Amino acid sequence: MGSHRRSAPLNKRNVWQPLITAAVLLAVSFLVLVPLVFLVEESLNTGDALTFPPEEFGLGNYIAMFNEDLDVLTNTVSIAIMATVMAIAIGFTLAWILTRTNVRGRALLERLMELPYYMTPLVGALAWSVLAAPKSGFFNQIWHYFGGPGDLLNVYSLVGIAWIMALFEGTVAFVMIAASMKSMDPALEESARVMGAGKLRTALTVTLPLVMPGVLGATLFVFAEMLGSFAAALVIGIPARIYVITTAIWDSTLSYPPDYGRAAAMGLALFVVMFGMLTFYRRMVSRGSFATITGKAFRPRPMNMGGWVWLLLGVCCLYIFLAVVLPIGALILTSLQRFATVILSQAQWTLGNYQMALGLGPVRTALGNSLLLGFGVATVGVLVMALIVWIIYRSTMRGRGAVEYLVMFPQAVPRMVFGLALLWAWLNIPIPIYGTLWLLALAYFTVMLPLGVRTLAGVVLQIDKSLEECARVCGASWGYQMRTVTLPLLKPGILAAWLLIFMACVRELGVSVFLMGPNAKVIAPSIISAFSSSGTELTAAMALIQTGSVVVALIILFRLTRGMTQPE
Amino acid sequence: MNRIELKDLVIRYGDTTAVNGVSFAVGRGEHVTLLGPSGCGKTTTLRSIAGLEQPVSGSISIDGQAMFDATARRNVPAEQRGVSMVFQSYAVWPHMSVFDNVAYGLRVRKKSGAEIKTAVERALDLVQMRHLADRAASKLSGGQQQRVALARAIAFSPTVVLFDEPLSNLDAKLRAEMRVELRELQRRLDITSVYVTHDQEEALAISDRVIVMNVGVIEQIGTPEEIYNSPRNRFVADFVGSANILRGHVTGPDAFTVEGGTALKFTAPHKASGRETEVAVRTAYIDVVGHNGDNQLTGNVRQRMFHGDFVQYIVECACGRLIVRRPPTNLLDEGAPVMLSFSPGHTVLLQA
């Protein structure tokens with residue numbers, strides 16, 4: 001049979017598709033899996049931590065974690081629990097107000113809820129240290145000014161760290177709970193009302209049980225995220241000598257000689273716990289125990305709250321105030337003074353901090369490098385990710401499931417653990433790019449894979465396949481179809497993915513702290529080192545400059561997505 | 001010569017066989033409909049004619065040219081087959097104007113600006129959409145999008161147009177209107193069409209021939225009248241129109257004894273083997289007044305349901321319940337005794 005090969009092959013693409021798919025599969029597994037293999041090997045290294053390959057293997061690093069770092073583990077768990085409780089309480093309240101009541105301006109408020117997430121926990125932590133550090137914090141300054149004894153607030157504490165994490169990393173709780181409330185068929189509540197149940201009874205017997213699985217899922221998810229949270233614990237925890245597992249990992253790579261074995265063991269333990277929780281969460285979701293989630297978005301009929309509306313609106317505004325207005329205000333105030341004070345009569349105003357931030361060689365290079373990486377990674381990344389998305393969702397190649405699993409994998413690894421894995425891998429891989437921007441670019445691309453692929457996939461899946469097929473049937477070649485139909489339809493999605501990746505690169509911390517070299521500094525770790533070495537005033541200016549560049553990208557993104565969701 | 005010819009087509013998705021050995025031919029200017037329940041392979045068959053699905057075996061030829069031939073390892077890509085298609089989702093490109101949508105096939109074929117303008121306007125006139133030529137496609141209603149999709153499919157004067165359930169997303173009234181227009185359009189243009197639908201009424205109304213499919217194979221091919229009046233088997237009798245299936249057995253050269261003992265005279269569209277156990281009688285062909293020479297059954301009206309255009313009775317007979325549809329005049333009361341009568345020509349022996 002195989003000898004009849006006279007006319008054109010059955011399908012020309014059949015030759016290219018497996019090749020490209022295999023190449024992508026190889027490249028992605030090299031980027032995603034190899035670092036983790038290195039990490040596992042190092043965690044079992046009980047000999048000299050710096051030799052590679054290890055000479056002695058054992059479980060010593062894991063055992064040491066429970067023998068010597070028990071306080072770190074208890075800190076980690078107690079901060080994560082507190083942060084989760086706060087995040088869920090905030091998220092549940094706001095989600096309920098914004099989806100189920102008739103508070104005005106809900107669409108705008110919902111948009112504003114995203115802001116703390118974009119501000120980043122790093123900036124949030126800096127701002128709250130300015131606001132509530134013992135003695136020098138603005139709240140405490142005012143308290144002392146009016147003769148109060150001691151400190152009013154102290155953010156350098158377990159609760160303080162948890163508070164910052166909840167405020168700036170807990171946004172996802174709001175998003176998830178709001179989604180489960182939105183996807184509930186209002187008829188379920190209405191039928192309870194029709195049967196004669198009052199508002200309260202309906203809420204207790206129908207609404208709450210239906211929303212509960214969503215809330216539990218969000219709790220699990222947020223708790224896993226909080227275990228791996230890094231920025232707040234780094235900025236606030238280290239000066240306060242409160243170590244959690246992520247900062248303990250960071251700390252053991254700084255000691256001399258660096259104890260990579262121990263760091264690797266802790267990182268892997270964290271990864272396994274988080275991965276387990278997230279897997280359990282996915283199971284729970286896909287098992288369909290979420291009776292409310294039908295995939296269909298309902299328009300919930302908002303409850304009329306009467307005079308309570310103003311109180312509820314106040315609650316929303318209070319959150320925005322605490323998580324956005326107050327922190328940004330404090331940073332602006334600090335950045336414009338020689339010595340940060342909230343007692344304005346004593347203030348010495350200056351623009352010197354900005355001059356210094358932009359004029360100081362290292363800071364300026366760091367900012368420049370971050371922007372350069374953002375542009376480069378976003379531009380090249382979007383093209384490669386578009387190809388990957390096409391393979392996963394539009395081709396019929398074998399192995400596309402594996403590609404999808406691999407590109408989504410970095411999402412399951414705590415960012416800073418992935419940074420550690422990359423550090424150890426590239427110290428030992430004989431390609432000399434450690435300490436250069438190239439490695440940072442490669443690392444950014446790897447950790448941005450889930451974000452970019454998910455964003456692009458969302459757009460690709462919205463484009464009905466028949467739009468492309470119709471072009472072919474009309475006689476268009478593949479290239480002509482791509483140029484006239486596919487790419488124009490993809491354009492808004494590609495731009496959105498580009499901006500999201502750009503923003504994520506400019507604010508990247510977890511991977512950067514490990515991979516930054518003396519000649520390849522980037523902005524987020526530089527802000528942290530400025531915070532520990534120079535004053536808060538300079539740090540505030542730097543943080544605002546970084547936030548500013550993210551905000552510009554964000555404004556463009558909002559413009560774009562508004563154009564996308566509204567019918568033209 | 002046949003315009004389109006399919007031979008022993010087999011199409012698989014992984015382990016499932018969507019189309020399992022389908023063969024048929026469509027003559028020049030003929031309008032053929034593939035009819036069947038969802039998942040019967042009708043759309044897959046249509047898409048393979050367009051070149052959007054690749055069969056594993058069999059062949060497809062258009063105007064005598066092989067478009068797909070598994071043994072010769074030949075598969076002409078969709079864009080080179082010269083057929084046109086109207087998609088179920090319309091697939092009207094939202095980022096283009098109505099004019100640009102309709103002009104697409106002409107631009108691909110590198111026609112001059114003047115030619116394009118004339119052809120697009122002619123196509124838009126045919127679907128009465130000329131006044132909306134400059135409108136953005138994203139601002140059209142469902143019915144308008146459907147017209148644009150139609151205009152786009154015929155604008156470049158293709159000889160073959162494929163329709164993939166083009167009316168299924170329209171509401172009932174608009175669907176009935178579009179059906180009339182489509183039939184009109186088919187007559188006016190010199191095209192050959194293959195149409196896919198799961199709506200048996202639509203299939204009967206707009207086709208020269210109907211191909212009834214089920215689970216990947218063809219059950220029957222015939223004119224709408226043949227399919228309706230002489231269903232070959234139980235599936236066709238059941239799926240097209242409404243029919244009573246009476247169980248029993250063949251007791252003579254033209255006698256079929258139903259449960260309860262009454263012998264009915266029948267016709268057989270195929271050669272009767274004697275092992276058949278079912279006859280079909282269309283609900284519309286049963287009268288409630290006795291006629292000489294007809295098959296007759298006695299029973300009681302169990303339920304009367306007024307539908308407007310007709311009245312449906314459920315009649316309890318010795319051989320089971322029969323559904324009878326009559327014009328809405330001289331209504332029978334529930335509980336009344338009734339004598340059902342239907343001609344032997346409408347008593348169709350179904351293949352075992």
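## Chain B and its strand 3

Of the 352 residues in chain B, 43% are buried. The model described here is predicted. The secondary structure of chain B consists of 8 helices and 20 strands. Among the contacts in chain B with a separation of 6 or more, 65% are between residues 24 or more positions apart.

One element of this chain, strand 3, is described in detail below. Strand 3 of chain B comprises residues 31–35. This strand is mostly covered, with 5 of its 5 residues buried. The side on which each residue lies can also be stated: His31(B), Thr33(B) and Leu35(B) point one way from the strand, while Val32(B) and Leu34(B) point the other way. The residues of both groups are all buried.

Strand 3 of chain B is joined by bridges to strand 9 and runs parallel to that strand. Strand 3 is likewise joined to strand 10, again in a parallel arrangement. The table sets out these two pairings.

| Partner of strand 3 in chain B | Residues of partner | Bridges | Direction |
|---|---|---|---|
| Strand 9 of chain B | residues 192–197 | 5 bridges | parallel |
| Strand 10 of chain B | residues 209–214 | 4 bridges | parallel |

Leu35(B) illustrates both pairings. In strand 9 of chain B, its bridge partner is Thr197(B). In strand 10 of chain B, Leu35(B) stands opposite Val212(B). Leu35(B) is also one of the buried residues that point the way of His31(B) and Thr33(B).

Methods. Residues numbered from 1 in each chain as written. Chains lettered and ligands numbered in written order. Predicted model: local features only at pLDDT ≥ 70, side-chain atom pairs only at ≥ 80, totals over all residues. Buried ≥ 20, exposed ≤ 12 C-beta atoms within 10 Å, placed from the backbone. Helix = DSSP H or I, 4+ residues; strand = E, 2+ residues; numbered from the N terminus. Pairing = 2+ DSSP bridges. Contact = placed C-beta atoms within 7 Å.
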